Amino acid sequence: GPCTECSCSSGKETDKDTSNTKKKENGDQSFIPKIFFGTRTHKQISQITRELKRTAYSSVPMTILSSRDYTCIHPVVSSSGSNRNEMCVELLEGKHGKSCLYYHGVHKVSEHHALQSARSVSEAWDIEDLVRLGKKLRACPYFAARELMVGADIVFCPYNYLLDPQIRESMDINLKGHVVILDEAHNIEDSARESVSYGVTENQLRAAREELDFMVNNNIRQKDHKPLQAVCCSL
């Protein structure tokens with residue numbers, strides 16, 4: 001029975017313990033928090049995973065979240081310049097009658113890691129390892145890493161994946177109840193500023209002003225476009 005020296009002797013705690021016992025009896029798994037490990041650069045992730053491989057926790061399920069710049073293996077998309085995200089989305093939506101065959105093979109990567117875990121030969125890996133495996137299995141490393149996040153105990157990623165709410169939403173990252181570790185946290189201020197900052201060129205501003213001038217002069221939603229026109233002119 002409960003002891004009388006601490007709070008566990010109260011009725012509320014006993015009820016709580018009973019409910020937890022019932023959950024276990026019903027086969028419900030208790031909540032196990034993930035560790036989200038944020039770093040400033042992708043290179044630092046490589047260093048950390050290399051150190052993890054040397055520890056007793058090398059076989060713990062893990063994943064690394066990174067951009068398409070590091071993980072896309074589609075020959076056309078990966079060789080393009082700055083519009084990889086847009087090209088990837090177009091392929092996934094089949095806009096031009098083409099789809100990404102690598103995306104449809106994503107499950108092959110998770111099955112490979114599951115098989116390694118079953119054989120007790122799994123160990124910590126790096127982005128380069130995932131890319132090599134993706135090329136071998138003809139499976140997309142970018143989406144495979146996201147799929148592996150479901151069963152991962154440790155998730156490595158750059159700062160902005162944890163700090164930027166838009167990225168968190170797009171990557172289905174929910175930090176509630178989980179452990180967050182920020183490596184070299186003195187860099188957080190710069191990262192936070194970058195996540196809410198945006199750079200534009202003078203040509204972009206001039207083009208925007210011309211479009212807004214056209215909208216205002218042709219009486220198209222003047223109430224919305226006049227303030228934007230004023231901002232562009234002031235800049």
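**Entry 1: aromatic pairs**

I searched the whole structure and found 3 aromatic pairs. I counted rings of Phe, Tyr and Trp (its six-membered ring) as a pair if their centres lie within 6.5 Å; planes under 30 degrees apart are stacked, over 60 edge-to-face and the rest tilted. This is a predicted model, where local features need pLDDT of at least 70, side-chain atom pairs count only at pLDDT 80 or more, and totals for chains, interfaces and linings use all residues. Residues are numbered from 1 along each chain as its sequence is written, and side-chain values use heavy atoms, with hydrogens and water left out.

I looked at phenylalanine 37 and phenylalanine 156: the ring centres are 5.6 Å apart and the planes are at 50 degrees, so this pair is tilted. The pair links distant parts of the chain, with phenylalanine 37 in strand β1 (residues 35-39) and phenylalanine 156 in strand β3 (residues 154-158), 119 residues apart. Helices (H or I, at least four residues) and strands (E, at least two) are DSSP runs, numbered from the N terminus.

Buried means under 20% relative accessible area, exposed over 50%, and partly exposed in between (1.4 Å probe, protein chains only).

I then took tyrosine 103 and phenylalanine 143, an edge-to-face pair at 4.9 Å centre to centre with 80 degrees between the planes. This pair also links distant parts of the chain: tyrosine 103 is in the loop between α5 (84-93) and α6 (106-118), phenylalanine 143 is in helix α8 (residues 141-148), and they are 40 residues apart. Tyrosine 103 is partly exposed at 35% relative accessibility, whereas phenylalanine 143 is buried at 16%. I noted that ring pairs join Tyr103, Tyr142 and Phe143 into a cluster.

**Entry 2: threonine 49**

I found threonine 49 in helix α2 (residues 42-53). Threonine 49 is buried, with a relative accessible area of 3%.

What does threonine 49 touch, leaving out residues up to four places away in sequence? I listed Met62, Ile64, Ala124, Trp125, Asp126 and Phe156; contact means heavy atoms within 4.5 Å.

**Entry 3: positive phi**

Most residues other than glycine have a negative phi, so I looked for exceptions.

I noted arginine 138, with phi near 55 degrees. Arginine 138 sits in the loop between α7 (127-137) and α8 and is partly exposed, with a relative accessible area of 44%.

I also noted asparagine 219, which has a positive phi of about 55 degrees although it is not a glycine. Asparagine 219 lies in the loop between α12 (202-217) and α13 (222-234) and counts as exposed at 57% relative accessibility.

**Entry 4: whole chain**

I counted 13 helices and 4 strands in the chain. Of the 235 residues, 31% are buried.

Among contacts between residues at least 6 apart in sequence, 72% join residues at least 24 apart. The chain exposes about 15800 Å², and carbon and sulfur atoms supply 51% of that area. I took accessible areas from the Shrake-Rupley method with a 1.4 Å probe; for residues, only the protein chains shown count as cover.
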